[in-house]
Amino acid sequence: MSYLSLKAMVTGVTAICLAAAVAIEAKADATSCPSPIPFGLTTALTGNLALLGTQARNGAEFAVDEINAGGGISGKKIALTTEDTGASSTDALNAMNRVLEGKPLIIFSSMISPHVFAQTEVVTKSETPFLVGATNAKVTAQGSKWLFRTHVHDGQLADLIPEYLVKTLGKTKPGIMAVADDYGLGASKGIQAALAKLKVSPAAVTSYAPSDKDMSAQLLEIKDKGADSLILFGRPADVTLVIKQMNDLGIKLTTIGNASIVAQTTLNNLSAAEADGGYAIGGMIPQTSTDAKILDWSKRVQEKYKVPADNFTVSYYDTVYLLKSIIEKVGCDKPAIRDALAATKDWNGMLITYQADPQGDLAHTLGIYRNEGKTPKLTGPIRESGY
Amino acid sequence: MGQLVVNGLALGSIYALVALGLLLIFNTVQIVNFAQGQLLMLGAFIGISCAVTHELPVAAAWAITMVAMALVGIVFMVLVYFPLRGRPAFLVILTTIAMGIVLENLALIVWGPLPVSLPSPIHGPPLRFAGVVVSMHQIFIFVTLAVILLLQFFFLTKTRFGILMQATAQDLHTARLVGIPVNRTIAVAFAFGAVLSGIAGLLVAPIFLAEPTMGGSLGLKGFVVSVIGGFGNLPGAVIGGLFLGLIETFGARYISSNFRDAYAFVVMIAVLVAWPRGLFGEKSSEKV
């Protein structure tokens, strides 16, 4: 090989490497993203899950509006398309199909697990990063490498609530009451299994339909069977009714449950005496923060939507900002965004840090709360073991 | 046991009130209004707007709600019943279902998804005897149901307008031929039916909270109660309501709380098998 041809070859290889490097750089640059950057969201805005569903919309939309007001992502605005799922899984799938027609870069779905189960296959086929707040532990066990969850799940709560009740509060004969849907019954089973590990048998296991308004029969059963405490798992509206009716019936039990017990929506409809002493373990809520910026954020959300921000609002808000930081680094290539989500480590959100586990769960920090009158107080954050 | 009886009767009284509104309309135009539960929800939210949002006295909130619900009933008749009058009954029934969905979503837009409580017009410590607790609001519900039942019974059987309503129900065309102001009679039935639902909403909101989807289940239970008691039969509706409230409460306590809603429909089917015209007999069985 002559010197000249060797020189030409080295030059050629260098040129190819340079071109490839430039191409990779261009691919990773957010300025190459479409304008506007299309995000899709399906959530329940009507029907009996509307209160929950609007929290997802409020959190995501509030973050998108803030980012757009600040100039967008590398100068590109985000266009958030929201479709209403209503309360049915069939409608949730139809809503997702409508969102997919817009070829979004990112898709968010709600915290309603049956809806996410119905949607996962079609989103996975579309090879689009899929971010959810659905709380059924099995949501991230479906084998989709595109699905990520940014809210704590029932499996974490089901272990921690019995442990805290038995080991910290010293109660050994709890009654269990849960809403009779995928959310509540799944949690109830998990709680019973966790209690069994602690060698504790519940005094009574009861449930109520999501539309039920009178839970006095269940409360009387729990009282008659000699329970020393109540594990309560439900939505804010029905948790409010349970606590009110417990008070009306003169039943005084240490109550612990999911974040609904300390949700602002619940506390708004309870007297200080009714709310006082209730414990909750769940996603982090903004109301207990001492950070003036977070309290101001919470106030602005309330003013805009007339609905108090809760743990889900925070989770969806954080998720949008997490994606912003990822897109700024890797651009708008979907597999690159997916890989970056899967590699998330110690990303600081509003109240917690996010870290991806192999299944796609990013949230591993929960809050333990206790109501003092109508004011929830953070007893302390608790991290899932291993995080 | 005693506590279950009290709570079952209180729940049953609410079902009975929904059924009474349903039957007032049915007894006049022979149509089942499946939006009765949503009218209840509307009454609760109008009351909340007055008493909570605008901080009016609860008594004024009740009065305004009843007037507003009477107007809502008339608008409902104009939009739902009149355009489809004379068409097959199932068309009107389907339209009432659709109207219920519209009302639910309208409430979601106007009042939002948050559950809200309405203050009770009656205050005071609960009565306690032999370990049984009866709240003042529960007593108010029992008294209101009794008064409404008596007034409705008196109105339909002893007043000229009530008799005109019954005549219209029996044969609308003949009633018109003999000079009965049929449209006005029907309008009064719709207005009163909506007012009764509004009262049920005002009674429910202090204990069960108000939210846009609260009417669906209560409206359906009102229908079940009407079938159990015998469609069109006023005392039947009240006794059917109380009976269903007790069945649900005792079933949830002693069988399983998982099937609470199912008890209503199991009882309805059982009653229809044993007594096809309901426990107290139907007033009319031509249209359902």
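Trainee: How many residues of chain B are in contact with chain A?

Mentor: Two residues are in contact if their C-beta atoms, placed from the backbone, lie within 7 Å, and by that rule 26 residues of chain B are in contact with 30 residues of chain A. The elements of chain B that give two or more residues to this side are α1 (2-29), α4 (89-111), α9 (214-229), α10 (234-254) and α11 (260-274), and α1(B) gives the most, with four residues. Helices (H or I, at least four residues) and strands (E, at least two) are DSSP runs, numbered from the N terminus.

Trainee: How do the residues of the side of chain B that touches chain A divide?

Mentor: Ala, Val, Leu, Ile, Met, Phe, Trp, Tyr, Cys and Pro count as nonpolar, Asp, Glu, Lys and Arg as charged, and the others, Gly among them, as polar. On this side of chain B there are ten nonpolar, twelve polar and four charged residues.

Trainee: What should I know about the model itself before reading further?

Mentor: This is a predicted model, in which local features need pLDDT of at least 70 and side-chain atom pairs count only at pLDDT 80 or more, while totals for chains, interfaces and linings use all residues. Residues are numbered from 1 along each chain as its sequence is written, and chains are lettered from A and ligands numbered from 1 in the order in which they are written.

Trainee: What pLDDT does chain B average?

Mentor: The score pLDDT is the predictor's confidence in each residue, from 0 to 100, and where it is low, the predicted coordinates should not be read in detail. Chain B averages a pLDDT of 88, with 98% of the residues scoring at least 70; confidence in this chain is lowest in α6(B), at a mean of 83, and highest in α2(B), at 94. For the complex, the predictor gives an ipTM of 0.80 and a pTM of 0.80.

Trainee: What span should helix α2 of chain B have?

Mentor: The expected span of a helix is 1.5 Å times one less than its number of residues. The 18 residues of α2(B) (residues 36-53) should therefore span 26 Å, and the end C-alpha atoms are 25 Å apart, which agrees. A residue is buried if 20 or more other C-beta atoms lie within 10 Å of its own, exposed if 12 or fewer, and partly exposed in between; in α2(B), 15 of the 18 residues are buried.

Trainee: Which residues touch the most other members of the largest nonpolar core?

Mentor: In soluble globular proteins, nonpolar side chains tend to be buried together. A nonpolar core is a set of buried Ala, Val, Leu, Ile, Met, Phe, Trp, Tyr and Cys residues joined through C-beta atoms within 7 Å. In the largest one, of 201 residues, I14(B), A16(B), L17(B), L20(B), A44(B) and A210(B) touch the most other members, while helix α8 (residues 182-208) of chain B gives the most to this core, with 17 residues.

Trainee: Where does a cis peptide bond lie, and what is its omega?

Mentor: Most residues other than glycine have a negative phi, and most peptide bonds are trans. Here a cis peptide bond joins S35(A) and P36(A), with omega about -5°, and P36(A) lies in the loop between α1 (3-27) and β1 (37-43) of chain A.

Trainee: Is D346(A) buried or exposed?

Mentor: D346(A) counts as exposed, because it has 7 C-beta neighbours inside 10 Å. Its phi is positive, near 50°, and D346(A) lies in the loop between α13 (334-342) and β11 (347-348) of chain A.
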